[in-house]
Amino acid sequence: MNYIKCILTAYCCCLLTGCKNHDRSLTVWYKEPAKEWVEAPPVGNGRLGAMVFGGAGEELIQLNEETLWSGRPVDPNPNPEAVTYLEQVREALFKGEWGRAGNLCTKMQGYYTQSYLPLADLKIRHLFSSDPGL
């Protein structure tokens with residue numbers, strides 16, 4: 001039990017120390033929670049992800065994970081030929097040839113490009129007033 005208290009204390013100290021040197025120019029503030037999926041800022045690492053809708057009284061976070069697909073199990077390399085089109089796609093983009101770049105991109109995708117399915121909606125209800133007094 002003492003080990004856990006030491007870890008939590010060290011973690012809190014690290015958080016508090018980091019706050020002192022916080023660069024305010026890197027802070028993003030929103031005036032209201034996101035109403036639609038496209039308004040929520042994404043967070044993640046490429047394998048796990050979430051869309052954070054925000055909210056003072058109730059927070060909505062939509063979770064996602066890479067193994068939840070709309071099709072068959074994920075093939076880590078569905079199109080080994082994709083790399084051969086990469087330079088052509090870049091050239092088309094730099095020249096502003098959007099249609100050509102789009103057509104070349106479809107050749108990079110492989111047989112079937114699947115869509116992520118949502119993992120869960122995580123709702124967090126805070127115990128304080130929903131009006132932060134801003």
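**Stop 1**

The model is a predicted one. Begin by selecting W37, G49, A50, M51 and N64, which lie nearest the centre of the second largest pocket. The lining of this pocket comprises 17 residues, and the space within amounts to about 280 Å³. Next, colour β1 (42-44), β2 (48-54) and β3 (58-65), the elements that each give two or more residues to the lining.

**Stop 2: the salt bridges**

How many salt bridges does the structure hold? The count is three. Side chains of opposite charge can pair when their charged atoms come close.

Select R125 and E58 to see one of them: the closest N and O atoms are 2.7 Å apart. This pair links distant parts of the chain, with R125 in strand β4 (residues 120-125) and E58 in strand β3, 67 residues apart. R125 is exposed, because its relative accessibility of 64% is over the 50% cut-off. E58, by contrast, counts as partly exposed at 33%.

Move to E97 and R100, where the closest N and O atoms of the salt bridge are 3.0 Å apart. E97 has a relative accessible area of 32% and is partly exposed; R100 is also partly exposed, at 37%.

Then select K35 and E32, whose side chains meet in a salt bridge with an N to O distance of 2.9 Å. K35 is exposed, its relative accessible area being 60%.

**Stop 3: E59**

Return to strand β3 and select E59, which is found there. Which side chain of opposite charge is nearest to E59? It is K123, 12 Å away. E59 is buried yet has no salt bridge; the 12 Å separation from K123 may be set against the 4 Å limit for a salt bridge. To see a contact that E59 does make, display the backbone of G54: the side chain of E59 reaches the backbone nitrogen of G54 at 3.0 Å.

**Final view**

Technical notes: Residues numbered from 1 in each chain as written. Predicted model: local features only at pLDDT ≥ 70, side-chain atom pairs only at ≥ 80, totals over all residues. Heavy atoms only, no water. 1 Å grid on protein atoms, 1.4 Å probe; cavity = no way out; pocket = protein on both sides within 12 Å on 5 of 7 lines; lining within 4 Å. Points joined across faces, edges and corners; volume = space filled by probe spheres on them. Helix = DSSP H or I, 4+ residues; strand = E, 2+ residues; numbered from the N terminus. Buried < 20%, exposed > 50% of the residue type's maximum accessible area, 1.4 Å probe, protein only. Lys, Arg positive; Asp, Glu negative; His and termini not counted. Polar contact = N/O pair within 3.5 Å; in protein donor to acceptor, adjacent residues only side chain to side chain.
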